Amino acid sequence: MKTQADIAVVKGRSLWSEARRRFYKNIAAMLGLIVLILVSLFAFFGQYIAQFPIDEIDFNVIGQVEQEGGPSIKNGHYFGTDDLGRDLFARVVQGTQVSLIVGFVGAFIAVAMGTLYGAIAGYAGGRTDNIMMRVVDILMAIPSMFVIILLLVMFGRSMAMLFIGVGMLSWLDMSRIVRGQTLSIKNKEYIHAAQAMGVSDVKIITRHILPNLWGIVAVYATLLIPLMILTESFISFIGLGVQEPLTSWGALISEGAGTMQYGTLWQLTFPLFFFVITISAFYFVGDGLRDALDPKER
Amino acid sequence: MTKPLLEVKNLCVDYDIRNEHALPWKSPQTLQAVKEVSFTLGAGETLGIVGESGSGKSTLARAIVQLEKATGSILWGGDTELIGLSRQQMLPFRSQIQFVFQDPFASLNPRLTVGQIIEEPLTVHQPQLSRTQRRERVRSMMHRVSLLPNQINRYPHEFSGGQCQRIGIARALIVEPRLLICDEPVSALDVSIQAQIINLLNSLQKEMGLAMLFIAHDLSVVKHISDRVMVMYLGKVMEMADCSVLYKQPSHPYTQALISAVPLPDPQQERSKKRILLLGDMPSPLSPPSGCVFRTRCQYATTECATRTPQLQSTGNSSEHSVSCHFPAVSLS
């Protein structure tokens with residue numbers, strides 16, 4: 001006869017693994033994920049494929065960009081050249097790197113600050129919560145784009161300034177969402193159970209509240225990344241943002257749009273193409289995550 | 001006489017209710033959820049607490065484990081006052097008083113495995129145990145509450161309501177408490193599962209010598225498990241008596257009404273039984289009636305009930321039987 005100990009331990013299926021299964025079934029989200037992986041690979045390894053550095057001017061094309069600078073395999077300018085005769089492929093790779101970094105770093109700042117701030121405010125409750133959230137309200141009332149532009153103008157255009165500006169703008173929404181979620185989790189019985197058991201507040205937040213928050217945080221973060229990219233692109237489009245010879249999607253699109261009427265349409269379409277597919281892919285993935293993590297909401 | 005395990009005296013729980021749009025310097029209204037409740041509980045004894053929703057049963061239970069701020073006195077083991085203890089000072093007593101919650105699903109963190117859930121009290125109260133020792137304790141505890149120990153790595157959503165409640169009970173009992181507070185542990189379960197859980201609690205109580213505070217609004221469940229029963233209404237104790245006495249000779253009109261509302265399994269008896277219908281709802285606890293709180297729904301209420309507040313007094317027929325009514329046992333005559 002088998003005793004209790006002989007029976008193999010059954011492996012449980014966590015909520016995460018169930019969510020992963022649902023996510024894999026979502027075709028649009030999986031396609032989005034594949035596109036994102038491809039774009040990331042392009043950003044990481046594109047520079048090894050590029051035949052020219054980003055700032056080298058090809059004197060064979062200069063002056064006759066419209067005739068000679070189009071996309072061609074033969075002369076090594078796969079995406080053509082820009083108006084100054086620089087290799088567009090290398091520049092798009094570089095722009096992709098910058099835009100993705102801005103997106104991820106911005107979203108990371110938002111998640112880290114917003115989650116911590118919101119979870120503390122929500123869990124503390126009462127007056128602490130009130131003061132902390134009023135601070136958020138006040139910061140939200142400040143037109144953020146205006147502040148970012150001022151920062152860039154006053155302290156110079158640098159990547160660091162861009163991160164600070166974009167990060168400051170983004171954690172406010174996050175903290176509100178997290179705080180609301182924390183409030184509802186805080187009143188669940190398993191939190192009361194932990195309190196009655198004598199579990200410390202820090203342990204309750206890290207062990208019981210945060211793991212139940214990650215779902216909504218993950219969804220919001222994936223939707224936040226394209227927003228960060230859009231913001232950065234807008235700033236670069238109006239001529240602030242990253243400095244030459246560095247570039248980003250926004251800056252490239254801005255240049256391409258400027259030279260549209262000369263018939264060098266590829267200068268607009270290549271950066272635009274990457275921009276559009278990446279943003280769409282992020283939204284598809286975000287949608288898929290929401291459906292996967294939150295099956296009741298459908 | 002041995003000292004009682006738990007002695008509660010004049011326990012009050014007040015909430016400050018602040019109107020959302022009130023100006024900040026306006027003083028908030030006070031809601032008394034529990035008013036001057038006193039009782040004692042001996043080791044190994046079960047006290048049932050019954051009453052309608054909103055009568056303060058759960059608040060009372062939560063006040064005992066300091067989940068609510070309370071005033072009055074909670075004497076533990078005859079010598080330790082629990083009210084006013086700091087978190088650190090309270091910690092050793094938390095392992096002796098454990099809680100089982102009403103909703104079996106909501107009381108378990110969905111992101112943790114059953115093993116992690118059950119071992120959590122051990123990590124707090126017996127941190128010297130090694131991981132393997134803890135696992136061993138969890139397995140034996142799961143066995144005791146009739147859960148298969150090989151399901152230790154499963155998650156709460158993979159279990160039924162009854163099983164989840166067993167997990168909750170295992171979590172409460174793993175630190176070998178002396179008092180188990182059950183806040184409506186069976187209200188969310190099917191009747192057949194209710195019986196299983198009740199029987200499990202009963203046998204575990206005998207094995208471990210647990211005292212229990214059993215809250216329910218199902219009188220037949222309380223009758224089955226309790227030694228004594230306390231009836232609450234609007235935060236006050238209406239009647240307290242030995243289980244057998246209370247069900248045979250309810251003295252308070254409210255208790256009578258509650259008992260007459262219990263459905264009988266025999267349809268013939270059920271049809272012939274006289275029911276006392278309570279009209280209306282429980283009054284708002286923000287503005288409780290003057291005098292006796294039950295008078296607004298009491299069929300025997302007189303003007304005296306509106307002016308004088310009845311005290312909880314012993315009835316003549318038994319020393320353990322006390323009631324707070326000016327005209328107890330009217331219906332018996």
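**Exercises on chain B**

The mean positions of the 33 positive and 29 negative charges of chain B lie 2 Å apart, with Lys and Arg taken as positive, Asp and Glu as negative, and His and the chain ends not counted; each charge is placed at NZ of Lys, CZ of Arg, CG of Asp or CD of Glu. The model is predicted, with local features requiring pLDDT of at least 70 and side-chain atom pairs pLDDT 80 or more, whereas totals for chains, interfaces and linings use all residues. Residues are numbered from 1 along each chain as its sequence is written, chains are lettered from A in the order in which they are written, and side-chain values use heavy atoms, without hydrogens and water.

**Exercise 1.** Determine what share of the 333 residues in chain B is buried.

*Solution.* Apply the criterion: buried means under 20% relative accessible area (1.4 Å probe, protein chains only). Buried residues then make up 53% of the 333 residues in chain B.

**Exercise 2.** Describe the setting of B:His321.

*Solution.* 
1. The side chain of B:His321 makes one with the side chain of B:Glu239 at 2.6 Å and one with the side chain of B:Ser251 at 3.5 Å.

Key: Buried means under 20% relative accessible area, exposed over 50%, partly exposed in between (1.4 Å probe, protein chains only). Helices (H or I, at least four residues) and strands (E, at least two) are DSSP runs, numbered from the N terminus. A polar contact is a pair of N or O atoms within 3.5 Å; within protein, one must be able to donate a hydrogen and the other to accept it, and residues adjacent in sequence count only if both atoms are side-chain atoms.
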